[in-house]
Amino acid sequence: MPNLEHPAYPAADLLHLESLVPCRESQVSMLLSIFGERQQFSFPSIFIYGHTSSGKTYVMQTLLTTLQLPHVFVNCMEYFTSRLLLEEILIQLQSSSDTEQTCAVHCDTLNDFVRLFKQAVASRELQDQTLYIVLDRAEQLREMEANILPAFLRLQELTDRNVTVVLLSEIVWELFRPNVGCFEPFTMYFPDYSIGHLQKILSQNHPPEYSADFYSAYINILLGVFYMVCRDLKELQHLAALNFAKYCEPVVRGEANERDTRKLWKNIEPHLKKAMQTVYLREISSSQWERLQHDGGEPGQLKGLSAHTHVELPYYSKFLLIAAYLASYNPVRTDKRFFLKHHGKIRKTNFMKKHEKTSNHLLGPKPFPLDRLLAILYSIVDNRVAPTANIFSQITSLVTLQLLSMVGQNDQLDGPRYKCTVSLDFIRAIAR
Amino acid sequence: GCFVFKPSTKKRRSSEKTAHDFRSRSDDSEDTELRFVTCQSLWNQIKSETEQIQEDLNKQLLDNLLSFLSRSHSEFQEKTTEWTCRMKFREIPTAALVLGVNVTDHDLTFRGLSDVLQDNITPYIALLEAKDCPGIKNLMQKLMGQLMNCDIDVDSLEDEDCVQVSQNRIRCSMSSLISWYESVTKKTDSETPSKKRNSFSRHWQFPPVVVIFKDMESFTTKVLQDFIVISSQHIHEIPLVLIFGIATSPMIIHRLLPHSVSSLLCIELFQSLSCKEHLSTIIDKLLLTSRFPFKLGEKVLQVLINIFLYHDFSVQNFIKGFQLCIVEHFYSQPLSVLCCQLVDVKKRVYSLSHDQCENIRRLPSFRRYVEKQESGKQIELLTNDSFLKEETEKLLEDLHVYHENYVSILRCLHVFTSSLPKYPLGKQVVELHCACLENRVWETEEYESSLQLARMLNKTDLVTMLQQCVEILMSSSGKEFDKTVEKLKEFLTQFQNLEEASQERDVSVSSQKELQKKTDLYHLQKTLLELKESRRSKKMTKFEMLRFEVVDYIDSLVRKYLVPADDRTLHEIVYFNAAAVLRGHLNAAPRTALHTALNNPHWYLKNQALKCDGGGISNKAPDICIVYKLHLECGRLINLVDWLEAFSTVVMAAEEPNADAASSDQVDDIIHARFIRAVSELELLGFIKPSKQKTDHVARLTWGGC
């Protein structure tokens with residue numbers, strides 16, 4: 001077992017840390033060796049990436065808090081502008097020094113930031129320790145001003161203080177690298193948890209009323225069902241908690257004891273499969289699922305979100321949508337044949353060009369001008385339709401309902417073009 | 001901008017002004033003041049009535065939502081430390097509110113919702129619209145602005161705290177929102193014993209913060225995703241509840257949000273009443289009642305219903321249209337002064353002026369009435385004002401009684417027709433109402449076929465229908481129905497007797513059946529054939545006779561009471577029938593209007609000189625009309641030089657027939673300038689645009705030239 005060892009930190013802390021971060025020992029020991037001792041300068045910037053819920057955020061957070069290293073933890077998603085981000089870092093710096101006094105900070109540019117940062121570090125007397133700034137969801141940095149990312153990468157150099165910036169992201173560094181030369185961070189990969197890892201981690205938090213073995217058997221069944229579709233640790237934990245009550249049911253009723261795995265499996269397996277089709281896809285909410293379990297009802301009673309596909313539309317809106325669909329998926333040349341009463345005969349042989357043999361549905365909707373839509377509308381509606389303002393406003397409202405979409409939103413006068421965004425099934429349902 | 005909301009043309013801004021407007025048009029300034037007042041009071045009555053109806057209709061939905069909201073954050077209140085709660089991922093409780101495509105009506109629902117929430121659950125509500133939130137930054141700004149403002153509203157008495165919140169310098173981040181929430185809840189917590197308690201006692205200590213997305217479809221994916229991800233990280237600190245207003249179907253959630261984001265939500269679905277049911281309730285309560293003196297004619301009602309069904313599904317627009325009808329009726333019909341409650345009729349009739357009496361005499365329905373009277377009475381009616389007034393009062397009372405009876409009998413008939421297969425007279429009472437208003441319903445084929453179908457109803461259905469009819473007639477305000485009710489009850493007892501009789505007979509039949517059981521298949525067939533034979537030849541049973549009688553009786557009721565309103569004397573006073581006017585107001589046709597204006601300027605300008613014959617182009621027309629007419633003759637691309645040539649020819653044609661040849665090939669500067677101006681006007685109107693395909697050409701934007 002690769003025990004964490006580092007001369008700078010007490011062994012008890014390290015042991016505690018190890019128990020908190022199962023299956024991530026090698027990464028943690030790697031990080032520890034990069035960090036070095038408290039007063040030592042570390043690598044200026046570290047880039048950690050890995051798939052969703054591979055423990056990046058969790059490991060960083062537990063590492064920094066258990067070893068009590070000075071740090072600032074910021075989620076870039078939450079602080080969506082550079083100003084908010086910089087100010088948040090400064091606020092966290094200040095507030096951790098003295099909790100009461102949180103005066104408003106104004107920091108618009110990086111220049112200000114560097115100045116204020118130096119002040120803050122000085123006021124907290126952190127000169128002899130490495131300060132860690134962790135930027136979670138760092139991919140958001142790319143959307144801020146161009147200078148933010150390079151500056152964070154070499155913050156140590158800019159501020160001339162003992163600081164290390166850790167970037168956490170789900171995407172690889174190659175997608176970050178600005179085209180102007182910048183400081184290359186130390187990159188580190190967190191691999192996905194394997195099924196064994198998941199089993200180990202999930203089993204760790206067993207409910208106090210039941211034994212660890214019992215819970216671990218349950219996790220085994222759960223993973224057997226869900227591992228194929230979901231490897232997200234958070235989601236699995238959530239599902240485990242949701243369905244555990246059902247698993248315990250035979251035991252509570254006294255029909256089976258905790259070792260009767262076969263009986264328990266028979267009880268839970270169909271239930272979990274149902275959960276995979278409903279709760280996991282968020283067709284019905286977890287609270288509804290729990291209530292169902294509690295009442296012992298069938299999940300069939302509750303219709304999921306996708307069951308309600310029918311949309312009631314006004315008469316002309318229906319025809320407009322159908323006309324739009326026809327205009328989107330039929331080539332212009334066929335209009336004359338389809339919508340004119342006395343069309344000429346068309347020779348079948350060279351009618352279809354070769355590339356049109358592929359189904360138009362595979363190619364997706366094509367844009368069409370407003371006039372074509374109206375022309376088709378007039379030909380498919382039986383009685384005369386006056387081009388009233390109501391018809392035109394219906395087109396606009398179909399656009400706001402996202403059933404049509406406007407293509408190339410330039411000038412309104414410039415002959416607007418639309419696309420139909422609904423599927424054939426939807427049109428079929430309407431046309432009935 | 002969904003389903004364009006058109007305010008009715010004559011909305012009253014200030015009462016004096018409009019009263020003045022009322023007067024200004026009608027030449028006889030008779031009773032305008034009174035008419036205006038009547039109109040307003042009537043509308044106010046109707047308005048409060050509709051509001052009441054809508055409140056009742058939305059009650060179910062709002063109650064469901066309330067219970068959802070109150071249980072959504074129960075964990076937050078209790079701070080449980082149970083194992084399952086610890087392990088479970090905390091999702092954001094979300095209500096998906098499916099409201100239907102009538103976006104114009106949503107505002108009202110949301111307003112009602114936020115009022116109810118404010119009263120029962122939480123003072124912290126933010127209503128977000130997609131057009132205000134193009135980015136996450138704007139969304140946060142809007143959200144915090146609304147939340148913190150509502151806080152200021154609540155404790156506006158305390159001055160010191162409000163000053164801190166200056167709008168522009170708020171840090172729009174979740175953390176400041178959380179600190180605000182903490183401070184707010186702490187404050188109320190510490191102040192509970194004080195007098196402020198009563199304002200908050202309805203809410204819990206930690207009221208949820210409700211964020212309503214009014215039009216889910218229009219939000220961009222990114223904004224929604226970002227917001228959900230951010231707020232899910234803080235769900236432990238601030239009890240947030242989201243409400244998505246959805247116009248189409250809940251599938252849109254899955255389309256807008258990827259699984260990683262939608263897994264952060266705990267979505268429950270709520271569906272509002274369908275707008276068609278909504279409308280039929282409104283019509284039922286507003287039109288099919290004798291409470292309001294004002295009535296809609298068949299054509300007008302059809303126009304309003306068609307706009308609803310064909311175009312927008314918007315109940316609000318329907319009510320607006322109804323309002324327009326009221327205003328238009330009282331504005332254009334001088335005799336509408338008599339369109340009031342029955343109590344006031346007498347007084348108003350006797351205060352009518354001579355001119356108004358003449359107006360009455362001019363009414364077509366009154367003329368028809370006069371013609372039917374004997375000659376002595378005719379003269380009296382046409383010359384003696386006071387006699388006319390007496391007669392008018394009597395006729396108006398008749399009309400009122402007619403309405404009362406009409407509604408009850410209509411409902412009875414609807415009980416019958418609504419259960420027939422294929423609904424020959426329509427499924428809803430509105431359709432039946434329209435059919436009855438249109439012409440004599442008993443002369444229509446549909447009525448005939450429905451009677452035939454009614455003659456084939458089985459007994460249990462018939463009995464329940466008769467019972468329903470009895471109930472309707474008993475509850476109606478009409479006085480004439482005592483006899484009818486008696487008659488119907490008699491039918492019912494007859495059915496009862498029939499049942500008893502048949503039970504007796506059943507005994508004998510059953511003995512026969514026992515015999516049949518023992519026979520083989522061949523014999524069974526034979527006996528069945530015989531039975532059939534006998535049934536065909538047999539006279540009608542007692543039940544069938546009775547059934548015929550019932551149907552005939554209903555038929556007689558229909559013939560007596562469901563006379564179309566057009567046949568009633570003085571119907572013009574209470575019925576609004578100007579469907580063409582209404583259509584012109586509500587169903588605008590901009591393209592047609594524009595085309596008429598440009599093609600036939602006489603239509604709008606009323607200038608005799610402009611009256612042109614056939615397809616010719618008159619040179620007296622405004623330049624833009626000439627240019628427009630010329631451009632109609634061109635294809636998709638128009639050559640400017642040719643166009644100018646044609647234009648100058650038309651303009652010159654009448655001015656100087658014998659223009660000298662020298663100047664003809666060089667176009668006059670003034671004409672050139674006029675042409676350019678007209679062309680740019682056309683461009684402004686959106687008929688043409690400059691084209692890059694060919695030099696000196698413009699492209700046509702309207703069809704017709706292809």
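**A chat about the model**

Colleague: Before we go on, what am I looking at, and how is it labelled?

Modeller: It's a predicted model, where local features need pLDDT of at least 70 and side-chain atom pairs count only at pLDDT 80 or more, while totals for chains, interfaces and linings use all residues. Residues are numbered from 1 along each chain as its sequence is written, chains are lettered from A and ligands numbered from 1 in the order written, and side-chain values use heavy atoms, with hydrogens and water left out.

Colleague: Thanks! Where is S249(B) placed, and is it buried or exposed?

Modeller: S249(B) is in the loop between β4 (240-246) and α11 (251-256) of chain B. Helices (H or I, at least four residues) and strands (E, at least two) are DSSP runs, numbered from the N terminus. S249(B) is buried, because its relative accessible area is 8%. The cut-offs are under 20% relative accessible area for buried, over 50% for exposed, and partly exposed in between (1.4 Å probe, protein chains only).

Colleague: How many helices and strands are there in chain B?

Modeller: Chain B has 34 helices and 10 strands. Of its 706 residues, 48% are buried. Take the contacts in chain B with a separation of 6 or more: 76% of them come from residues 24 or more positions apart.

Colleague: And what are those figures for chain A?

Modeller: Chain A has 18 helices and 8 strands. Buried residues make up 48% of its 432 residues. For contacts in chain A between residues at least 6 apart in sequence, 69% join residues at least 24 apart.

Colleague: Switching to the inside: which residues touch the most other members of the largest nonpolar core?

Modeller: L321(A) and F366(B) do, in a core of 145 residues. Its largest share, 13 residues, comes from helix α20 (residues 385-417) of chain B. Such a core is a set of buried Ala, Val, Leu, Ile, Met, Phe, Trp, Tyr and Cys residues joined through side-chain atoms within 4.5 Å.

Colleague: What is L321(A) in contact with, leaving aside neighbours within four places in sequence?

Modeller: L321(A) is in contact with several residues of chain A, among them L313(A), L398(A), L403(A), C420(A), F426(A) and I430(A). Apart from this core lies another, of 87 residues, including L305(A), L128(B), L224(B) and I235(B).

Colleague: Back to α20(B). At what angle do its axis and that of α26(B) cross?

Modeller: At roughly 145°, and the axes of α20(B) and helix α26 (residues 542-561) of chain B come within 10 Å. Axes are lines fitted to C-alpha atoms, for helices over the stretch in contact, and angles run from 0 to 180 degrees between N-to-C directions.

Colleague: Which residues meet there?

Modeller: From α20(B), Y402(B), N405(B), Y406(B), I409(B), L413(B) and F416(B) meet I554(B), L557(B), V558(B) and Y561(B) in α26(B). That contact divides into 9 nonpolar residues, 1 polar and no charged. Here Ala, Val, Leu, Ile, Met, Phe, Trp, Tyr, Cys and Pro count as nonpolar, Asp, Glu, Lys and Arg as charged, and the others, Gly among them, as polar.

Colleague: And how far apart are the axes of α14(B) and α15(B)?

Modeller: They are 10 Å apart, and helix α14 (residues 298-312) packs against helix α15 (residues 315-332) of chain B at an angle of about 155°. On the α14(B) side are V300(B), L304(B), I305(B), F308(B) and D312(B), which meet residues of α15(B) including V315(B), F318(B), G321(B) and C325(B). The residues of this contact are 8 nonpolar, 2 polar and 1 charged.

Colleague: New topic: what is the phi of C23(A)?

Modeller: Near 65°, a positive value in a residue other than glycine. Most residues other than glycine have a negative phi. C23(A) is in the loop between α1 (11-20) and α2 (25-35) of chain A, and it counts as buried because its relative accessibility is 10%.

Colleague: What about R137(A), what is its phi near?

Modeller: Phi of R137(A) is near 50°, also a positive value in a residue other than glycine. R137(A) is in the loop between β3 (131-136) and α6 (148-153) of chain A. With a relative accessible area of 24%, R137(A) is partly exposed.

Colleague: Last one: where is N639(B) found?

Modeller: In strand β8 (residues 637-639) of chain B. N639(B) counts as partly exposed, at 23% relative accessibility. Beyond its neighbours within four places in sequence, N639(B) is in contact with D696(B) and H697(B). The C-alpha atoms of N639(B) and E544(B), 95 residues apart along the chain, are separated by 81 Å.

Notes. Contact = heavy atoms within 4.5 Å.
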